[in-house]
2 protein chains.
Amino acid sequence: MTVSTHERGREWLTKGGLRPTKQRLSLAGLLVGDGENRHVTAEGLHTAAQTAGESVSLATVYNTLRAFCQAGLMHEVTVDGTRSYFDTRMDDHPHFFWEEENRISDAPAGELHITSVPTPPAGYEVAAIDVVVRLRKL
Amino acid sequence: MTVSTHERGREWLTKGGLRPTKQRLSLAGLLVGDGENRHVTAEGLHTAAQTAGESVSLATVYNTLRAFCQAGLMHEVTVDGTRSYFDTRMDDHPHFFWEEENRISDAPAGELHITSVPTPPAGYEVAAIDVVVRLRKL
DNA sequence: GTATATGCAAACCGTTTGCATGGCT
DNA sequence: AGCCATGCAAACGGTTTGCATATAC
């Protein structure tokens, strides 16, 4: 388990052309170690690292997440002005935002379809379409 | 012009059940005085008020925008973690986000259609669907 | 008169940065 | 050896808050 987790993290870093330092391996392991997509906040990932006994400073978590995004390994998702969310899944897809838990997750595939994307104004292109489905407890 | 601007602002406040103080009338006039929808940041509205010769403190702009939202007169739009945008148009509609100008506007009506909204998980309802089309200069 | 809105400045919170130290290749 | 990542703490920027004053009803 630990072995494959680390291997996966290491491969992931290699794919992004990033040097496999101890902290990056720790964080990469937490993010992609089990092959699932993950949605984290910097704070949350920092806590997860502490809990796992890894020593990574909060500043490094921020820097590392930024490096992962620049390397094309992750995605920043904006759903709430007060926090940044980072997603390991790279294709453009809709998210659920659980308002009372301050949490995001992928919206079930195929349940939301966008037809007829707006024509961008002259001189502009559509960089991405962010879709956030806000969920509220009944 | 000035007269009808003020009247519109006053009516708008009344509709939200808010006391028509001098500052609220100023801001309401700037927001809905010409009957158009507006997308503002707190900072931007504050500057607009200054320019118009109205004296409103930044804290009051924030408090007032929050009051307008709570009263159901406006909407907060999240497109960028670093700033809050407020929209006078109340129906659920997609936005353009102009990345290099840090500005939002309504996406042209009818050009984006969402079919088959995701089924909310048991115990939850869909509060809103936020759609942001990010535009980048070519 | 009473409740509520305003202004100011200070607190706040998530995020970023400067700089010295330590690790990777 | 040289470059780059890390950690810490301090700076940062947008937003909120506490408290005294002023205003609407």
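**Close-up views of a predicted two-chain model**

**View 1. A salt bridge within chain B joins Asp91 and Arg89.** The closest N and O atoms of B:Asp91 and B:Arg89 are 2.8 Å apart; a salt bridge is a side-chain nitrogen of Lys or Arg within 4 Å of a carboxyl oxygen of Asp or Glu. B:Asp91 is partly exposed, with a relative accessible area of 39%, and B:Arg89 is likewise partly exposed, at 21%. Here buried means under 20% relative accessible area, exposed over 50%, and partly exposed in between (1.4 Å probe, protein chains only). The model is predicted, so that local features need pLDDT of at least 70 and side-chain atom pairs count only at pLDDT 80 or more, whereas totals for chains, interfaces and linings use all residues. Residues are numbered from 1 along each chain as its sequence is written, chains are lettered from A and ligands numbered from 1 in the order in which they are written, and side-chain values use heavy atoms, with hydrogens and water left out.

**View 2. A salt bridge links A:Arg136 to A:Glu99.** The N to O distance between these side chains is 3.3 Å. The pair links distant parts of the chain, 37 residues apart: A:Arg136 lies in strand 7 (residues 124-137) of chain A, and A:Glu99 in the loop between strand 4 (95-98) and strand 5 (103-106) of chain A. Strands (E, at least two residues) are DSSP runs, numbered from the N terminus. A:Arg136 is partly exposed, with a relative accessible area of 37%, and A:Glu99 is also partly exposed, at 23%. A search of the whole structure finds 14 salt bridges over all chains.

**View 3. Salt bridges cross between chain A and chain B.** The count between the two chains is 2 salt bridges. In one of these, B:Arg134 meets A:Asp130, with the closest N and O atoms 2.7 Å apart. B:Arg134 lies in strand 7 (residues 124-137) of chain B and A:Asp130 in strand 7 of chain A, so the pair joins two chains. Both B:Arg134 and A:Asp130 are buried. The side chains of A:Arg134 and B:Asp130 also meet in a salt bridge, at 2.6 Å from N to O.

**View 4. The interface between chain A and chain B.** The contact (heavy atoms within 4.5 Å) takes 37 residues from chain A and 37 residues from chain B. The area buried between the chains is about 3,400 Å², of which carbon and sulfur atoms give 57%; buried area is the accessible area (1.4 Å probe) that two parts lose on being put together, summed over both. In chain A, A:Pro118, A:Tyr124 and A:Arg134 lose the most area to chain B, together 19% of what that side buries. Of the interface residues of chain A, 100% are also interface residues in chain B, so the copies meet through the same surface.

**View 5. Superposition of chain A on chain B.** The superposition is by least squares on the C-alpha atoms of residues with pLDDT of at least 70 in both copies.

**View 6. An open sheet of 3 strands in chain A.** The strands follow the order 1-3-2, and the pairing is antiparallel; two strands pair if DSSP finds at least two bridges between them. Strand 1 (39-41) and strand 2 (75-77) are the edge strands, each pairing on one side only. To strand 3 (residues 85-87), strand 1 is joined by 3 bridges. A:His39 stands opposite A:Asp87 in strand 3.

Methods: Helix = DSSP H or I, 4+ residues; strand = E, 2+ residues; numbered from the N terminus.
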